[in-house]
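Good morning, colleagues. Please have the sequence and the coordinates open while I speak.

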Amino acid sequence: GRPLVEETLATLRVEQDGAEPQHGFFMAGAVLYEGVRLCREHRARGTGWLHRSWFADPWVLLKMMFQVWLGRSPLPPYSQMHVTTDGVAALHAPLRILLASTLQLREALYNPFAARGTGELRLTAVAATTLHFWRHLPAILKGRFGNDMTLQQGYLSGRFAQAGVLGLAGYALDGELFVTDPARPV
């Protein structure tokens, strides 16, 4: 019975020369892409409860974390990437996290984007070489980037008009996987 609020949402446009542009709301790259890929592969391997239920993805992620803890990571090495924002070189490092979205995520449990800058595109990139990553992870998930989480320390987060990534071999857009040529910018 209550009136619905109409809101205009910008979509994320991901493009690379030679490939059809893709549109969505949430893009994940670097290690997050690999996590989505492992979850998709697990779901495709079976039809039982462990492969199709709400627990399927958490199960894969728990297994992956246990393997990493034992020193037998199923993840490939961190890829060297070059991230530019609004046409300016920003971060050149092996990346652990790459996220982009146009959603505000006001009511979400997580909002991993710093509240700085202007533009429709919200981007977070975290280098694999950052110090104290695990200690900072809760703050990253809430978008609370402190004074010690700067570009010089390997953290890039905020709002931008556009961004480009060189070295990206694949990304997940709204859960769908896409393979890219790392030699060309996305």
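In which loop is H132 found? H132 sits in the loop between β6 (121-127) and α4 (133-142). A word on conventions: this is a predicted model, in which local features need pLDDT of at least 70 and side-chain atom pairs count only at pLDDT 80 or more, while totals for chains, interfaces and linings use all residues. Residues are numbered from 1 along each chain as its sequence is written, and side-chain values use heavy atoms, with hydrogens and water left out. Helices (H or I, at least four residues) and strands (E, at least two) are DSSP runs, numbered from the N terminus.

Let me stay with backbone angles. Most residues other than glycine have a negative phi. H132, however, has a positive phi near 60°. H132 is partly exposed, at a relative accessible area of 47%; here buried means under 20% relative accessible area, exposed over 50%, and partly exposed in between, with a 1.4 Å probe and protein chains only. D174, also not a glycine, has a positive phi of about 55°. D174 belongs to the loop between β9 and β10 and is partly exposed, with a relative accessible area of 46%.

I turn now to the helices. Helix α1, residues 31-44, has 14 residues and reaches 20 Å from first C-alpha to last, close to the 20 Å expected at 1.5 Å a residue. The expected span is 1.5 Å times one less than the number of residues. Buried residues of α1 include Y33, L38, C39 and H42. The buried residues of α1 pack against β3 (26-30), α2 (49-52), α3 (56-70), β9 (170-173) and β10 (176-179), where contact means heavy atoms within 4.5 Å.

How far apart are the end C-alpha atoms of α3? They are 21 Å apart, in agreement with the span of 21 Å for its 15 residues. In α3, A56, V60 and M64 are buried. They lie on the same side of α3, because they cover an arc of only 70° around the axis, the arc being that of the directions from the helix axis to the C-beta atoms. The face turned away from that buried side carries the exposed residues M65 and W69. Among the elements covering the buried residues of α3 are α1 and α2.

Finally, consider H51, which lies in helix α2. H51 is buried, with a relative accessible area of 19%. Leaving aside residues up to four places away in sequence, H51 touches H42, R43, R45, G46 and A56.
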